[in-house]
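Reader: Could you walk me through this one, a piece at a time? I will ask as we go.

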Amino acid sequence: MNKTDILIAGVGGQGTILTGRVIAALAISEGLDVKTAETHGMAQRGGSVITHVRISEKVYSPLIPQGDGDILLSFEKLEALRWLPFLSPKGTVIVNTQELEPLPVLTGQVDYLTGILEEIGSKVKKLIAVDALSIEPVKANPRMVNTFLLGILAHIMPFDKGKWLTVMEQEIKAKLVEINKQSFEAGWQYVLSNSK
């Protein structure tokens, strides 16, 4: 497998770290070297949460250098823009178009930025922007955004769909496995429905 650097961006409570753990566990189960790193500032108050996942035959550092990432998986639009400098111009952005207003917007100091998707689209090779909250089962349970986007990501990665589901069973709490698998399937089907 070629080197694959994935940056996962979201805010506290969106499942950024769990998503990174699933990707890493799957790559390790395939005999690949994986290094991860997490940064979360004020995560419990809606602050940014970032997970670096680096996969290759041999990985020497857990941090993705700026401009070197292959995939940016973002659970919120502004977070995608914030972390875009880490992505290569040849990279792919998969983003949930949800807007979660950061504190300066909530307090009225600034407005939420406009034109975010246009700016991202002008700087990357491929942009997949999805209103995940409009699609079941995410519509009924917004906490499933992460596994929905994981279902989209799975089409880019060289691993079998069944292996993703097996690793999810191992990494996610038993009582939440089924709803997360349904969300993953919705993401998987989204790509199939929109590639015709």
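Author: Strand β4 (residues 69–74) is mostly covered, with five of its six residues buried, where buried means under 20% relative accessible area with a 1.4 Å probe and protein chains only; strands are DSSP runs of E of at least two residues, helices runs of H or I of at least four, numbered from the N terminus. This is a predicted model, in which local features need pLDDT of at least 70 and side-chain atom pairs count only at pLDDT 80 or more, while totals for chains, interfaces and linings use all residues. Residues are numbered from 1 along each chain as its sequence is written, and side-chain values use heavy atoms, leaving out hydrogens and water.

Reader: Which residue in β4 does I8 stand opposite?

Author: I8 stands opposite L73; strand β1 (residues 4–11) and β4 run parallel and are joined by four bridges, given that two strands pair if DSSP finds at least two bridges between them.

Reader: Switching to α6, which of its residues are buried?

Author: In helix α6 (residues 161–171) they are W164, L165, V167 and M168. Seen down the axis of α6, the buried residues fall within an arc of 165°, so they line one face of the helix; the arc is taken from the directions from the helix axis to the C-beta atoms.

Reader: What covers them?

Author: The cover of those buried residues includes α1 (16–29), α5 (145–153) and α7 (174–194), with contact meaning heavy atoms within 4.5 Å.

How values were computed: Buried < 20%, exposed > 50% of the residue type's maximum accessible area, 1.4 Å probe, protein only.
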